[in-house]
Amino acid sequence: MFLSQQLRKTSIAEYLLYMWQMEDLIRAYGCSLSRIRREYIAQFDYTDEQKDEEADWFGNLIRMMNEEGCRERGHLQINKILVQDLTDFHNRLLASSKFPFYNAEYYKVLPFIVELRQKGGKEAGEVETCLNALYGIMMLRLQNKEISPDTDHAVKEITTFVGMLSDYYVKDRDEGLDFGDDGA
């Protein structure tokens, strides 16, 4: 919870990836709050009050996962909405002539997105496809699996693109961006 709060303020993309990881962590513990409290939360150097707050946060996530039918797979509605919000923002950036560097980065990464969508067979949008790729690579690295040089190159490009999108998103939320007449 504490990390998620910080990430939400600083990097919406990292926040989403973290939340997806928390969904998987909850699944790994069988959606059991007592196990999460005993085997996961207990390992952190938190005060008893912080541990209770963390347990409440996980309890709410578990409740939502149960209510929304994503105990086995899928994402919470709050995360889906955020992905859609990020996608809408991405489209606003592309529609505006005020963000040429973003547009250039998008067209640089577009071939990788197309390839990933062809391989995945999913109907995920471009932003979600990029996030899925980053999450997949994160999981491979956690498992110490080998990543090919071509995949590594694609991931670096996708990371740059998603980082730029995330930075603009946070800046727009905090200060407001000028999209001009064409991106509003």
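This is a predicted model: local features need pLDDT of at least 70, side-chain atom pairs count only at pLDDT 80 or more; totals for chains, interfaces and linings use all residues.
We can start with the largest nonpolar core, which holds 55 residues. Within this core, Phe-58, Leu-93 and Leu-131 touch the most other members. Where do the core residues come from? The elements that give two or more residues are α2 (12-28), α3 (33-40), α4 (48-67), α5 (77-95), α6 (100-120), α7 (126-142) and α8 (149-174).

Now find Phe-58 in the structure. Not counting residues up to four places away in sequence, Phe-58 touches Met-22, Leu-25, Ile-26, Leu-33, Ile-36, Tyr-40 and Ile-41.

Next, look at how two helices pack. Two packed helices are described by the angle between their axes and the distance between the axes. For α7 and α8, the axes come within 10 Å and cross at roughly 125°. These two helices are therefore oblique to each other, and their crossing is left-handed. On the α7 side, the residues that meet α8 include Leu-131, Leu-134 and Ile-137; on the α8 side, those that meet α7 include Val-155, Ile-158 and Phe-161. Sorted by class, this contact has 11 nonpolar, two polar and two charged residues.

Finally, stay in α7 and pick out Thr-129. Is Thr-129 buried or exposed? Thr-129 counts as buried because its relative accessibility is 8%, and buried means under 20%. Leaving aside neighbours within four places in sequence, Thr-129 is in contact with Ile-113, Leu-116, Arg-117 and Ala-124. Thr-129 and Ile-113 are 16 residues apart in sequence, and their C-alpha atoms are 6.7 Å apart in space.

Note on methods:
Residues are numbered from 1 along each chain as its sequence is written. Side-chain values use heavy atoms; hydrogens and water are left out. A nonpolar core is a set of buried Ala, Val, Leu, Ile, Met, Phe, Trp, Tyr and Cys residues joined through side-chain atoms within 4.5 Å. Buried means under 20% relative accessible area, exposed over 50%, partly exposed in between (1.4 Å probe, protein chains only). Helices (H or I, at least four residues) and strands (E, at least two) are DSSP runs, numbered from the N terminus. Contact means heavy atoms within 4.5 Å. Axes are lines fitted to C-alpha atoms, for helices over the stretch in contact, and angles run from 0 to 180 degrees between N-to-C directions. Angles under 35 degrees count as roughly parallel, over 145 as roughly antiparallel, 65 to 115 as roughly perpendicular and the rest as oblique. A crossing is left-handed if the near helix is turned anticlockwise from the far one by less than a right angle, and right-handed if clockwise. Ala, Val, Leu, Ile, Met, Phe, Trp, Tyr, Cys and Pro count as nonpolar, Asp, Glu, Lys and Arg as charged, and the others, Gly among them, as polar.
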